[in-house]
Amino acid sequence: MEQFIKEILDSHNAYRKRHQAPALRLSQDLTESAQSWAEHIAGNDKLEHDTQCQKDKIGENVAMKYSSVHSDFPGNLFTDYWYREIEDYNFEGNVEDQIQCGHFTQVVWKASEEVGFGRAVSKSGRVYVVSRYRPAGNYMGEFGKNVLPPADGKDRKTAPMPGAKLEAVIGPNDPADQLVGTRMSTKTSGNKKTVMHTETYRTPEGNTYTKERETTSTATCLPTIGTEKLRTTILRGMSRTRFSAVVWKASEEVGFGRAVSKSGRVYVVSRYRPAGNYMGEFGKNVLPPADGKIVLPETEQDMATIRISDIRNESLTN
């Protein structure tokens, strides 16, 4: 466990240095609480956040990784996975509108000073990892001064990340193994999104094995002020994924549903197949307007005040 903590801490601080943020100090009490939660979710074999974090103003990242071959994954792989969200982070314009990159932003959040890590393995062999941060990151209105661009000025999307490959999210056990199949499914429930990556590899001897990794993002532990502010912030942060689902080039089929509640609220659901919003595929699927003009709907201002529970679209995966 000491080696794992060293790897995940060193990789955090390497990325933080790149983003002009001071190194994190390892905290004993955060490590103990993170370990306790890792054991809890491993016992349930279910990836979820600890709601106590928001009350204690503690930031939290969680992840799960699985391989049918082994479970001794190095700590830096989990940091790398959270950091990959930088591919969808925009350092220009309205930087306060990017909750979907919350794992990445918490890793490099400048004001965070302490961190603790936990790791546990479920009976099914899944490895659950928890990182906790103090002070917490991801405060609305503070992204600009806490999530800084790379100090070296290099393109954040092409800069090398240890242990990461563009063609594979998880990666093989051995470089000689061939990637023969991939699958990614996304499940959204309220303000929680869970993504499961599955990759199948074939060894030179002809044997095959699978590797899985699951990660979840949620606003549960985002330290925002007030429930209504939280709802509005989530809506604005997720609005990009709604837009991109509407225009996602690879989607071919769609279905719609509409119903009115007793209180008069109108609920609308849109489902798309194949699903959109795959990490690493936005560039080729969300294209700019052909006429070069961006025209906002007349109802945009009205929609910005609607609660997250009142309007939602969903991606349907096979």
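**Notebook: salt bridges and cysteines**

I started with Glu253 and Arg273, whose side chains meet in a salt bridge at 3.2 Å, N to O. The model is predicted, so I take the distance as a computed one. Next I looked up where the two partners sit. Glu253 is in strand E8, residues 253-260, and Arg273 is in strand E9, residues 266-273. The pair therefore ties together parts that are 20 residues apart in sequence.

I then checked accessibility for this pair. Glu253 comes out at 44% relative accessibility, so I noted it as partly exposed. Arg273 is at 34%, and I noted it as partly exposed too.

How many salt bridges does a search of the whole structure find? I got eight. I went through two others in detail.

**Asp29 and Arg134**

I found a salt bridge between Asp29 and Arg134, with the closest N and O atoms 2.9 Å apart. Asp29 belongs to helix H2, residues 28-44, and Arg134 to strand E4, residues 127-134. What separates them in sequence is 105 residues, so this bridge ties together a helix and a strand.

Are these two partners buried or partly exposed? Asp29 has 40% relative accessibility and counts as partly exposed. Arg134 has a relative accessible area of 25% and is partly exposed.

I also followed shared partners. Salt bridges join Asp29, Glu114 and Arg134 into one network.

**Arg132 and Asp50**

Strand E4 came up again. Arg132 lies in E4, and Asp50 lies in the loop between H2 and helix H3, 52-56. Their side chains meet in a salt bridge, 2.9 Å from N to O. The pair ties together parts that are 82 residues apart in sequence.

I looked up burial here as well. Arg132 has a relative accessible area of 5%. Asp50 has 15%. The cut-off for buried is under 20%. I therefore logged Arg132 as buried, and Asp50 as buried.

**Cysteines**

How many disulfides does a search of the whole structure find? I found zero. I still looked up two cysteines. Cys53 is at 3% relative accessibility, so I logged it as buried. Cys101 has a relative accessible area of 1% and is buried.

**Recap**

My list holds eight salt bridges and zero disulfides. Among the bridges, Asp29 to Arg134 spans 105 residues in sequence, Arg132 to Asp50 spans 82, and Glu253 to Arg273 spans 20.

Note on methods. Residues numbered from 1 in each chain as written. Predicted model: local features only at pLDDT ≥ 70, side-chain atom pairs only at ≥ 80, totals over all residues. Heavy atoms only, no water. Disulfide = S-S within 2.5 Å. Buried < 20%, exposed > 50% of the residue type's maximum accessible area, 1.4 Å probe, protein only. Salt bridge = Lys/Arg side-chain N within 4 Å of Asp/Glu carboxyl O. Helix = DSSP H or I, 4+ residues; strand = E, 2+ residues; numbered from the N terminus.
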